Amino acid sequence: MSSVLKAQKANASKADAKGKGKRKADEMEVDGDAPAETQPVKKKNKQRVLLLSSRGITHRMRHLMNDLEALLPHVKKDSKLDSKSQLNLLPELADLNNCNNTLYFEARRHEDLYMWAAKTPNGPSIKMHVQNIHTMDELKMTGNCLKGSRGLLSFDKAFEESEWGRLTKEVFTHIFGVPPTARRAKPFIDHILTFSIVDSKIWFRNFQIIEKDPLQPNGPPQTTLVEIGPRFVLTPIRIFEGAFGGATVYSNPEFISPAAVRMAMKREKGGKYNSRKDAEEETKRRKELRKREEDALAVSKDDLHMYGELDASSAYSLSGQVSVSVSSYYSLFESRRTARFMLQSLELTFEGQSEIYSSNTGYSSLRLCSITRQLAPPNPIELSNQGYEDDADPCTWNFVFNLPIPGWLPASTRLCMGDIGIRYGLYATAKFTSIDEDQPTSYFATLCAPFRSRVKSAEATKQIKIRRFISPPQSEVVEPSTLSYLVNSTAFASPGLAPKARIPAEILSKIQVIASVPEYTNVKDNSLLVILRLRTKDLCEEECKKIQVTEVGFDLVQEDICRYRPSASCLAQYPLPPKRMQPPNLPLRDPHPVSSMYDVGLYVSNDESECLRRSFSLLHPSESGRYKMADNNYAFINDARTDVRPTWYTIETVVPFVHHNTTFGDDADRASEWAGPKNLRPTLHSPLYSVTQDIAVTLTCTYDLEGRGGKVAKEKLCFRIPMAFMNVAPRQQVDPSRCSTTSGVPALAARSSELPILPAYSQLYDSNGQRKVDYSTPLPLYTPHSSMPTTESQENLIDRSSEPASVQDNVYDAERIDVKINTPILLSDVESSGSARTA
């Protein structure tokens with residue numbers, strides 16, 4: 001009997017080692033049995049994650065969940081949870097789906113997102129606030145990884161410095177670590193998930209692992225990381241002992257809920273409102289205003305300068321004063337009487353408008369912005385010249401204002417027909433009633449008195465010109481940086497050649513071109529620098545010896561675009577006024593006279609179109625823009641050699657251009673009707689009118705089909721490079737005599753005494769633009785000053801248009817690439833057969 005039990009026990013141990021059998025022999029009590037040797041069983045990683053969300057998530061939150069599902073192949077996605085209060089159902093859902101981890105996204109108020117990371121069914125669970133969400137579709141990073149591949153996990157060393165960090169690291173390892181036995185996982189590791197702790201927050205990033213340089217696939221291995229996405233930041237709130245509940249293990253004392261932050265901001269705005277109301281009540285008793293001879297509507301300067309690109313999040317200040325003058329009526333038959341008026345309101349409006357007109361599109365107008373401020377107190381105030389009736393000068397009250405002007409407004413532009421284009425203006429309207437108004441004497445006047453309004457109005461207008469510059473004024477000339485573009489060119493066959501004499505497409509596709517142009521060009525310049533770099537990639541040595549670069553062409557093209565109505569992209573990018581504030585629902589304050597013809601229906605266009613375009617070249621009429629290379633210019637002959645370091649074949653030239661095109665075409669008269677003369681304009685993007693510039697480049701290449709001296713195929717590679725022509729602010733003039741030097745470092749002295757010394761903006765106005773009240777001294781008035789010299793001497797400018805174009809082979813990487821020899825010389829203005837076409 002003992003021998004039978006020993007045999008059963010040995011068989012059970014073997015079955016247990018193989019993973020088979022239903023009963024272990026160790027559970028049986030047998031006297032005198034020796035323990036059998038068992039092999040250690042390898043622990044398997046069986047982690048599965050349930051991914052779901054609550055009701056009320058936005059599109060950004062949904063895209064974040066889709067990105068996590070694509071990164072984690074062991075995730076099982078479930079439908080939305082209807083109830084936000086019954087989180088105890090989540091462990092049961094995880095058990096039904098055979099999952100031992102849960103990622104639950106909870107949305108609150110359609111703007112706050114919380115993430116629960118829990119081990120089910122026994123816990124622990126972590127509740128975190130998700131911020132700064134950027135999905136993969138939104139980032140558009142260059143990195144990429146295989147869908148379903150496993151990723152490495154990288155944790156910051158700060159996780160080991162705290163108890164909650166170690167616990168969070170363990171939970172994240174179970175959730176984000178993909179098991180090798182996952183059903184949808186692929187046996188590849190090509191990306192890495194990083195978790196970093198900065199400012200007590202967990203920052204999540206996803207990077208692709210690249211083991212070789214894409215530009216040098218045959219070079220030595222060099223591991224680099226390229227970000228893929230998504231991005232988000234997690235703020236730990238609480239850690240519970242159980243799954244979605246239980247005792248609190250950790251609580252973040254520094255966490256403030258988003259609802260509390262919004263409530264504090266509203267409370268702060270309410271305090272500012274009460275302070276502003278108290279200040280308005282105190283302003284009623286201040287009637288002593290300084291007298292000043294000035295225009296009815298005066299500003300610190302007529303030109304408003306803006307810098308940089310159009311930015312809807314920035315604003316500029318436009319300050320000045322509105323003068324209200326009161327004088328007595330003059331008559332030869334009676335003495336002057338005291339003039340007394342009750343000022344009901346004083347409204348100031350800054351308005352921008354854009355208008356276009358052409359025979360095809362007709363007349364179209366758009367209100368760009370409308371900013372209105374009430375300068376007078378809420379209650380009427382009395383204005384009187386009592387005691388100064390016989391003075392030659394009227395009594396004047398000055399109302400100081402400061403308007404925030406949006407930073408996205410385009411520059412003032414004048415097109416054809418006078419004032420058609422983009423304009424801005426200030427419009428002041430004062431409403432008042434006369435206190436000592438004479439009673440009507442005639443019967444007819446008495447009969448019409450009930451129907452006549454006693455409120456009268458006076459208006460004043462001032463035109464404001466907005467000028468945009470690339471950057472604020474600098475004391476020194478700053479050269480613009482260079483932008484490089486990797487060009488995808490398109491080949492066109494030269495006319496006159498047989499259809500079969502073409503360069504094979506697989507050879508053309510391996511020619512790489514990098515074009516470098518300045519970040520911006522001053523509209524006052526006469527030339528610009530263009531650099532082209534060429535080389536072949538993955539092309540055999542025999543094919544490299546057959547390709548020549550025979551000709552290169554440059555052309556600077558400006559395109560004017562006129563739209564009848566703004567496009568959808570403009571409406572999404574610029575905060576235009578709503579439709580109820582646009583004409584004809586609300587007419588413009590100062591429209592062009594041609595608009596009256598369309599309003600009454602005197603003129604109706606038959607062939608209306610949505611958009612008009614006009615393109616013209618800015619090259620000098622005597623310049624063809626084509627340059628011929630030297631004979632036998634085999635530029636890529638050494639690209640496939642392994643004993644020579646790779647180099648770029650570089651073409652560097654200065655392209656001259658003119659500011660006015662004097663050529664006339666068939667459509668010159670019709671285009672000049674709406675766009676005006678063919679002048680170089682700054683690059684402009686506005687809802688109805690846009691100006692863009694491009695550099696059109698044409699590279700002519702030949703290919704020896706039958707060796708040197710035989711049949712030759714000819715192709716032209718054409719592409720366009722976007723350019724930006726901007727106004728450069730004049731240099732800031734510095735008086736050398738007012739500069740001092742300390743320890744070899746120059747320091748500027750105080751501002752010149754010729755300019756008025758004004759207090760800081762925060763001392764005069766609140767952050768919302770309302771004027772502060774100073775009980776000690778009256779508010780200082782803005783005094784316009786003479787403009788400083790704005791242009792530097794023309795003798796200091798360098799004219800580069802006369803410099804000859806040149807071709808050189810420079811070193812692309814000094815450590816890896818050698819310089820080519822036998823550099824060909826570029827000839828200028830050589831006629832070429834055929835016409836270049838643009839892609």
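A surface patch, as the term is used here, is made of residues with over 30% relative accessible area and no salt bridge, and nonpolar side chains are joined into one patch within 5 Å. In this structure, which is a predicted model, Ile-256, Val-261 and Met-265 make a nonpolar surface patch of about 280 Å². Ile-256 belongs to the loop that runs between strand S11 (245-251) and helix H6 (258-283). With a relative accessibility of 55%, Ile-256 counts as exposed, because exposed means over 50% relative accessible area.

**Overall architecture**

The secondary structure of the protein chain comes to 13 helices and 37 strands. Of its 839 residues, 41% count as buried, while the chain as a whole exposes about 48,400 Å², with carbon and sulfur atoms supplying 50% of that area. When contacts in the protein chain between residues at least 6 apart in sequence are considered, 77% of them join residues at least 24 apart.

Tyr-485 and Ile-514 are separated by 29 residues in sequence, yet their C-alpha atoms are 5.5 Å apart in space. Once neighbours within four places in sequence are left aside, Tyr-485 is in contact with Val-513, Ile-514, Ala-515 and Val-517, and also with Ile-721 and Pro-722.

**Aromatic pairs**

A pair of aromatic rings is described by the distance of the centres and the angle of the planes. The structure holds 18 aromatic pairs. One of them is formed by Phe-155 and Phe-159, whose ring centres are 5.3 Å apart and whose planes stand at 85 degrees, an edge-to-face arrangement. Phe-155 counts as buried at 18% relative accessibility, and Phe-159 also counts as buried, at 0%.

What is the geometry of the pair made by the rings of Phe-172 and Phe-195? Their centres are 5.3 Å apart and their planes are at 40 degrees, so the pair is tilted. Phe-172 lies in helix H5 (residues 163-176) whereas Phe-195 lies in strand S7 (residues 186-198), so that this pair ties together parts that are 23 residues apart in sequence. Phe-172 is buried, with a relative accessible area of 0%, and Phe-195 is likewise counted as buried, at 2% relative accessibility.

Both pairs belong to a cluster, in which ring pairs link Phe-155, Phe-159, Phe-172, Phe-176, Phe-195, Phe-204 and Phe-232. An aromatic ring also takes part in a contact with a charge elsewhere in the model: the charged end of Lys-127 sits over the ring of Tyr-114, at 5.1 Å from its centre.

**Salt bridges**

Side chains of opposite charge can pair when their charged atoms come close. The structure holds 21 salt bridges, and the table lists some of them.

| Salt bridge partners | N to O distance |
|---|---|
| Glu-69 and Lys-77 | 3.9 Å |
| Arg-166 and Glu-163 | 2.4 Å |
| Glu-382 and Arg-340 | 3.0 Å |

In the salt bridge between Glu-69 and Lys-77, Glu-69 counts as partly exposed at 26% relative accessibility, and Lys-77 is partly exposed as well, with a relative accessible area of 37%.

The salt bridge of Glu-382 with Arg-340, in which the closest N and O atoms are 3.0 Å apart, links distant parts of the chain: Glu-382 is in strand S17 (residues 381-384) and Arg-340 in strand S15 (residues 340-358), and the two residues are 42 residues apart. Glu-382 counts as partly exposed at 34% relative accessibility, and Arg-340 counts as partly exposed at 29%. Apart from these individual pairs, salt bridges that share partners join Glu-111, Asp-112 and Arg-262 into one network.

Methods: Residues are numbered from 1 along each chain as its sequence is written. This is a predicted model: local features need pLDDT of at least 70, side-chain atom pairs count only at pLDDT 80 or more; totals for chains, interfaces and linings use all residues. Side-chain values use heavy atoms; hydrogens and water are left out. Patches are made of residues with over 30% relative accessible area and no salt bridge: like charges are joined within 9 Å, nonpolar side chains (Val, Leu, Ile, Met, Phe, Trp, Tyr) within 5 Å. Accessible areas come from the Shrake-Rupley method with a 1.4 Å probe; for residues, only the protein chains shown count as cover. A salt bridge is a side-chain nitrogen of Lys or Arg within 4 Å of a carboxyl oxygen of Asp or Glu. Helices (H or I, at least four residues) and strands (E, at least two) are DSSP runs, numbered from the N terminus. Buried means under 20% relative accessible area, exposed over 50%, partly exposed in between (1.4 Å probe, protein chains only). Rings of Phe, Tyr and Trp (its six-membered ring) pair if their centres lie within 6.5 Å; planes under 30 degrees apart count as stacked, over 60 as edge-to-face and the rest as tilted. A charge sits over a ring if NZ of Lys or CZ of Arg is within 6 Å of the ring centre and within 35 degrees of the ring normal. Contact means heavy atoms within 4.5 Å.
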